[in-house]
Amino acid sequence: MTDIAATSAPVAVGGESAPRLVKMRRFGVGEGSTLPISLLSGAVILAVWWIVAELRLVPHLFLPTPAEVVTAAVAIFQDGYANATLFEHVGASLLRIFTAAAIAIALGTPIGLLMGLNKWAKGVFDTPIEFYWPLPPLAYLPLMIIWLGIGETSKIALLSLAMFAPIVLSAQAGVRSVSQERVNAALSLGATRFQLLREIVLPSALPEILTGIRISLGVGWGTLVAAELIAATRGIGYLIMSASQFLATDVVFVGIGIIAACAFAFTFAMRLLEAWLVPWKGQN
Amino acid sequence: MLRVDKASVFFSARDGRTVHALDRVSLDIPDRAFVVALGASGCGKSTLLNAMAGFLPLSSGSITLNGVEVIGPGADRGVVFQKDSLLPWKTVVENAALGLKFAGVSRTERLVRAQELLRLVGLQDFADAAPYELSGGMRQRVGIARALATDPAILLMDEPFGALDSLTREQMQELLVDMWDRTGKQIFFITHSIEEALFLGTHLVVMSPRPGRIVARYDLDFVKTFAATRDARAVKNARAFAALRDEIRDIVHETQVLRSAAE
């Protein structure tokens with residue numbers, strides 16, 4: 001008896017040895033941060049690049065060393081490239097993306113909500129959207145140029161079209177995710193149709209809409225380079241294209257780096273926006 | 001008074017067959033009455049409540065509230081759902097004030113009135129919390145406060161305590177009786193717990209499935225005793241309570257046996 005009592009004594013906290021903390025085994029990636037692994041992975045890629053370039057395993061014309069890319073970046077930052085400063089290039093691209101995103105969000109959100117709510121709206125808009133949405137933007141780029149000329153209009157139209165569809169589709173999915181019980185609750189509290197839309201449907205669909213905006217920003221960066229192929233004189237895409245004509249691979253690398261940094265900043269900003277607008281996401 | 005007159009509902013099931021969910025149900029809910037509908041799942045009690053709330057049109061028959069025919073959902077009938085349907089982007093007090101917002105009451109006034117209702121359900125200290133920070137029982141209390149905010153003639157409650165643990169459930173029952181006693185609202189309450197039905201109702205209807213109809217009616221006074229004495233244990237231990245519980249259990253079982261025999 002005494003033995004049993006002794007072995008089942010309560011766990012001593014702060015004794016010679018701290019208790020072994022346990023938790024349920026989990027399936028898939030747990031909650032631990034993967035940042036160190038990701039940093040290591042980035043360092044390895046950089047090292048491999050540096051070794052391959054330094055040992056001239058690839059002709060130097062095709063692959064500059066990291067140091068040369070940094071030098072090129074500093075030079076572009078100080079002196080500009082292709083008749084414009086770096087800020088003019090980045091500013092031109094950002095202006096196009098922001099304008100196109102504003103148009104796509106302003107049109108896509110109400111149309112998507114309407115398509116989720118109304119049989120006629122869904123029927124009418126489904127045909128053109130389902131038709132053009134899978135097309136690569138480069139395929140209808142010539143039409144944009146023929147119809148809208150080679151100015152800003154055709155570029156922004158191309159970007160807006162590419163960014164419009166993901167927002168419409170996600171807004172539609174957002175409406176579908178509104179629970180019937182929530183709608184019934186609002187109706188039994190006396191909500192009018194407009195109040196139902198503003199107070200229940202729009203906030204319920206907001207997480208999905210924000211996800212759609214995130215996807216469409218990604219699509220936007222992808223289409224940007226294509227849009228700036230059209231007789232542009234400014235823009236990061238233009239910078240890359242003109243550098244490639246002179247086989248200036250180091251400048252191409254700089255351009256790619258700038259796009260990556262911008263896209264990363266956008267993703268981060270969207271995450272902040274989500275945390276601010278939909279803090280309830282994932283909470284029951 | 002809410003009057004249900006020979007209400008019938010036929011659904012079309014997914015496989016195309018017609019389901020007879022409600023069969024000529026007639027029911028009066030007088031002022032200050034607490035009517036409890038009891039029955040196994042599938043007996044049409046939720047169908048009846050949805051029809052009263054205006055979520056579901058009747059195949060035949062009629063439902064009137066104080067002489068006015070029910071044709072759709074409206075703020076004159078407050079609904080408390082089984083699953084809480086609070087809005088996660090609004091605070092507790094904003095949720096409670098939602099109906100007042102729909103009615104166009106100014107922000108300061110509706111928040112003051114919602115705060116009073118939160119006091120009625122004992123949540124005055126949680127006004128600025130988010131709904132997902134509350135426990136299940138607290139969320140249902142917000143649901144009750146929200147349904148009361150528009151001062152409806154009747155409260156329709158669809159198994160509101162069904163998802164709660166038994167301790168919380170008993171607290172909620174007592175809170176609800178308190179609220180009913182103070183406000184004098186008509187209440188239509190659905191449950192599948194015999195004890196809950198006996199404890200809460202001034203009127204009890206027992207329903208049986210396929211087609212859903214009322215098979216027994218009782219007038220009860222346990223809830224009035226409790227409201228007067230505040231002694232839940234004495235009420236539930238009374239001999240009359242136990243006797244009636246057994247009697248009703250027999251009725252519910254009988255209808256179930258009949259149903260399985262018919263299948």
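Colleague: What is the relative accessible area of Thr65(A)?
Modeller: This is a predicted model, in which local features need pLDDT of at least 70, side-chain atom pairs count only at pLDDT 80 or more, and totals for chains, interfaces and linings use all residues. Residues are numbered from 1 along each chain as its sequence is written, chains are lettered from A and ligands numbered from 1 in the order in which they are written, and side-chain values use heavy atoms, leaving out hydrogens and water. Thr65(A) lies in the loop between helix 2 and helix 3 (66-79) of chain A, where helices (H or I, at least four residues) and strands (E, at least two) are DSSP runs numbered from the N terminus. Thr65(A) counts as buried (under 20% relative accessible area; exposed is over 50%, partly exposed in between, with a 1.4 Å probe and protein chains only), because its relative accessible area is 7%.

Colleague: Which residues does Thr65(A) touch, leaving out those up to four places away in sequence?
Modeller: Here contact means heavy atoms within 4.5 Å. By that rule, Thr65(A) touches Trp49(A), Ala53(A), Glu54(A) and Arg56(A).

Colleague: Good, let's follow Trp49(A). How are the rings of Trp49(A) and Phe253(A) arranged?
Modeller: Rings of Phe, Tyr and Trp (its six-membered ring) pair if their centres lie within 6.5 Å, with planes under 30 degrees apart called stacked, over 60 edge-to-face and the rest tilted. For Trp49(A) and Phe253(A) the centres are 5.1 Å apart and the planes lie at 15°, so the pair is stacked.

Colleague: How many residues apart in sequence are the parts that this pair ties together?
Modeller: Trp49(A) belongs to helix 2 (residues 35-54) of chain A and Phe253(A) to helix 11 of chain A. Phe253(A) is partly exposed, with a relative accessible area of 29%.

Colleague: How does helix 9 of chain A run relative to helix 11 of chain A?
Modeller: Axes are lines fitted to C-alpha atoms, for helices over the stretch in contact, with angles from 0 to 180 degrees between N-to-C directions. The axes of helix 9 (residues 193-227) of chain A and helix 11 (residues 249-277) of chain A come within 11 Å and cross at roughly 170°. Angles under 35 degrees count as roughly parallel, over 145 as roughly antiparallel, 65 to 115 as roughly perpendicular and the rest as oblique. That makes helix 9 of chain A, relative to helix 11 of chain A, roughly antiparallel.

Colleague: How do the residues of that contact of helix 9 of chain A with helix 11 of chain A divide?
Modeller: Helix 9 of chain A contributes residues including Leu206(A), Leu210(A) and Trp221(A), and helix 11 of chain A contributes residues including Ile259(A), Phe266(A) and Glu274(A). Ala, Val, Leu, Ile, Met, Phe, Trp, Tyr, Cys and Pro count as nonpolar, Asp, Glu, Lys and Arg as charged, and the others, Gly among them, as polar. The contact divides into 13 nonpolar, one polar and three charged.

Colleague: Which helices do the buried residues of helix 10 of chain A pack against?
Modeller: Helix 10 (residues 236-245) of chain A is mostly covered, with seven of its 10 residues buried. Among them are Ile236(A), Tyr238(A) and Leu239(A). These buried residues of helix 10 pack against three elements of chain A: helix 4 (86-117), helix 9 and helix 11.

Colleague: Over in chain B, what kind of aromatic pair do Phe34(B) and Trp180(B) form?
Modeller: Phe34(B) lies in strand 3 (residues 34-38) of chain B and Trp180(B) in helix 6 (residues 166-183) of chain B, so the pair ties together parts that are 146 residues apart in sequence. At 5.7 Å centre to centre and 65° between the planes, the pair is edge-to-face.

Colleague: What is the phi of Asp151(B)?
Modeller: Asp151(B) lies in the loop between helix 5 (136-149) and strand 7 (154-158) of chain B, and is exposed, with a relative accessible area of 56%. Although Asp151(B) is not a glycine, its phi is positive, at about 50°.

Colleague: Which residue of chain A does Leu98(B) touch?
Modeller: Leu98(B) is found in helix 3 (residues 98-102) of chain B and is buried, with a relative accessible area of 2%. Not counting residues up to four places away in sequence, Leu98(B) touches Leu87(B), Lys90(B) and, from chain A, Leu189(A).
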